[in-house]
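Here are some questions and answers for a first look at this model. Keep the sequence and the 3D view at hand.

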Amino acid sequence: MRLFCLPIGRNLQPFRLRVIANSDSAADQSKKLCVRDAVLSLARRWPAPLAPVRRAARAIDPTARVRRGNLAFGGYASPAIEIRLGRAAGHNWWGVLFPAQGVPAGEAAQFESWFVMILKKWGWI
């Protein structure tokens with residue numbers, strides 16, 4: 001299921017998740033996506049519980065550094081969780097997450113980058 005809903009209500013603030021890989025090697029990029037997948041299930045509300053997010057990230061990469069707050073990237077600051085792996089010198093994954101109000105109980109959400117969707121629509125990937 002893809003979520004393209006806007007949050008409704010007072011405590012349903014969307015926030016960003018950013019995971020920065022150690023390097024651009026295939027192994028580091030794969031580890032980045034494993035960390036993302038482990039953290040997505042925990043980041044269902046804002047402020048997301050930092051201790052479980054940190055534990056999940058460090059279970060996959062002990063070098064993971066996690067911070068939460070109004071973080072600036074992409075040209076503006078907004079509520080975000082940022083996870084840096086190792087030197088954090090590789091490509092990153094980021095997405096806007098909406099609280100669980102759009103996901104039926106027990107069903108996993110699928111997140112897809114709008115940029116990737118456009119490239120697929122144009123037949124470029």
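Q: How many salt bridges does the count come to?

A: This is a predicted model. A salt bridge here needs a side-chain nitrogen of Lys or Arg within 4 Å of a carboxyl oxygen of Asp or Glu. By this rule, the count comes to four.

Q: Which side chain meets Arg18 in a salt bridge?

A: Side chains of opposite charge can pair when their charged atoms come close. For Arg18 the N to O distance is 3.1 Å. The partner is Glu82.

Q: How many residues apart in sequence are the parts that Arg18 and Glu82 tie together?

A: Arg18 lies in strand 1, residues 15-20. Glu82 lies in strand 3, residues 76-84. The pair therefore ties together parts of the chain whose separation in sequence is 64 residues.

Q: Is Glu82 buried or exposed?

A: Buried means under 20% relative accessible area. Glu82 has 2% relative accessibility, so Glu82 counts as buried.

Q: Which strand holds Arg67, a salt-bridge partner of Glu82?

A: The side chains of Glu82 and Arg67 meet in a salt bridge at 2.8 Å, N to O. This pair links distant parts of the chain, 15 residues apart. Glu82 is in strand 3, and Arg67 is in strand 2.

Q: Which residues are linked in a network of salt bridges?

A: Glu82 meets Arg18 in a salt bridge. Glu82 also meets Arg67. A salt bridge of 3.1 Å, N to O, joins Glu82 and Arg84. The linked residues are Arg18, Arg67, Glu82 and Arg84.

Q: How many residues of strand 1 are buried?

A: Phe15, Leu17 and Val19 point one way from strand 1. Arg16, Arg18 and Ile20 point the other way, and all are buried. Strand 1 is mostly covered, and the buried count is six of its six residues.

Q: In which sense do strand 1 and strand 3 pair?

A: The two strands pair over five bridges. Leu17 has Ile81 in strand 3 as its bridge partner. The sense of the pairing is parallel.

Q: What relative accessibility does Arg18 have?

A: The place of Arg18 is in strand 1. Arg18 touches residues including Phe73, Asn92, Trp93 and Trp94. Arg18 counts as buried because its relative accessibility is 16%.

Q: Which residues make the nonpolar surface patch?

A: The patch covers about 500 Å². Patch residues need over 30% relative accessible area. The patch is made by Ile118, Trp122, Trp124 and Ile125.

Q: Is Trp124 buried or exposed?

A: Trp124 is found in the segment after helix 3, 114-121. Exposed means over 50% relative accessible area. Trp124 has 61%, so Trp124 is exposed.

Terms used: Residues are numbered from 1 along each chain as its sequence is written. This is a predicted model: local features need pLDDT of at least 70, side-chain atom pairs count only at pLDDT 80 or more; totals for chains, interfaces and linings use all residues. Side-chain values use heavy atoms; hydrogens and water are left out. Patches are made of residues with over 30% relative accessible area and no salt bridge: like charges are joined within 9 Å, nonpolar side chains (Val, Leu, Ile, Met, Phe, Trp, Tyr) within 5 Å. Accessible areas come from the Shrake-Rupley method with a 1.4 Å probe; for residues, only the protein chains shown count as cover. Helices (H or I, at least four residues) and strands (E, at least two) are DSSP runs, numbered from the N terminus. Buried means under 20% relative accessible area, exposed over 50%, partly exposed in between (1.4 Å probe, protein chains only). Two strands pair if DSSP finds at least two bridges between them. Contact means heavy atoms within 4.5 Å. Lists of a residue's contacts leave out its neighbours within four places in sequence.
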